[in-house]
Amino acid sequence: MGLGKTIQALAAAEVMAQEFGVERVLIICPTSLKHQWKREIEKFTRRDPTVIEGLLPQRMAGYREDTSSAATVSRSAFRVPVHSSSSSSGYPVPRSRFVF
C-alpha cells in the first residue's frame, strides 16, 4: 500500500497514449476497487472513465456501447466465454484497448 502503483499505471497509460496512439484503456482490478480506480482516473488524467459491471449480458453490452477513454472492470467480471462472437479474437473487448 502507498507505493504509487495506481499513479504509475495511469502514467504508463498516458505515455502509451502519447507515444503509441493508444486511445482507450481497460483496467482490470478487484471488484472492491473499480470505483476507486474510476476516481483516480478522473483525478489524475483527462480521461472519462466508465465502470463496467453487472451480469454477463450487461457487461457485454457495456463493452460494445462504451465510448469512454478508460473503463474499469473486476477480475471476476472479465471472465467471459472464449467462443463469444463479439470480436474476431473471441473476446468482447475491442482490440483498440490497452489492458493493464
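## Inside the chain

Guide: Sorted by class, the residues that line the largest cavity are six nonpolar, one polar and two charged. Please keep in mind as we go that this is a predicted model.

Visitor: Which residues line that largest cavity?

Guide: The lining of the largest cavity is made up of L10, A13, E14, V25, I27, I41, T45, R47 and A70.

Visitor: And which element gives the most to that lining?

Guide: That is α1, which gives three residues to the lining of the largest cavity. Two elements, α1 (5-20) and β1 (24-29), each supply at least two residues of this lining.

Visitor: How much space is in there, and how many cavities are there of 30 Å³ or more?

Guide: The largest cavity holds about 40 Å³ of space, and the count of cavities of 30 Å³ or more comes to one.

Visitor: Which residues lie nearest its centre?

Guide: Of the 13 residues that line the largest pocket, K5, T6, L33, Q36 and W37 are the ones nearest its centre. When the whole lining of this pocket is sorted by class, seven residues are nonpolar, four are polar and two are charged.

Visitor: Okay, what about the nonpolar core, which residues make up the largest one?

Guide: The largest nonpolar core has nine residues in all, namely A9, L10, A13, V25, I27, C29, W37, I41 and A70. The elements α1, β1 and α2 are the ones that give two or more residues to this core.

Visitor: Can we step back a bit? How many helices and strands are there in the chain?

Guide: The chain has three helices and four strands, and read from the N terminus on, its elements follow the order α-β-α-β-α-β-β.

Visitor: What share of the residues counts as buried?

Guide: In this chain of 100 residues, 39% count as buried.

Visitor: I'd like to look at single residues now. Where is P49 found?

Guide: P49 is found in strand β2, which covers residues 49-52.

Visitor: Why does P49 count as buried?

Guide: P49 counts as buried because its relative accessibility is 6%, and the cut-off for buried is under 20%. Leaving aside residues up to four places away in sequence, P49 touches K38, I41, E42, S68 and A70. From P49 to D66 there are 17 residues along the sequence, while their C-alpha atoms are 9.6 Å apart in space.

Visitor: And V22, where does that one lie, and is it buried or exposed?

Guide: V22 lies in the loop between α1 and β1, and V22 counts as buried because its relative accessibility is 15%. The C-alpha atoms of V22 and S69 are separated by 9.4 Å, although these residues are 47 apart along the chain.

Technical notes:
Residues numbered from 1 in each chain as written. Predicted model: local features only at pLDDT ≥ 70, side-chain atom pairs only at ≥ 80, totals over all residues. Heavy atoms only, no water. 1 Å grid on protein atoms, 1.4 Å probe; cavity = no way out; pocket = protein on both sides within 12 Å on 5 of 7 lines; lining within 4 Å. Points joined across faces, edges and corners; volume = space filled by probe spheres on them. Nonpolar A, V, L, I, M, F, W, Y, C, P; charged D, E, K, R; others polar. Core = buried A, V, L, I, M, F, W, Y, C linked by side-chain atoms within 4.5 Å. Buried < 20%, exposed > 50% of the residue type's maximum accessible area, 1.4 Å probe, protein only. Contact = heavy atoms within 4.5 Å.
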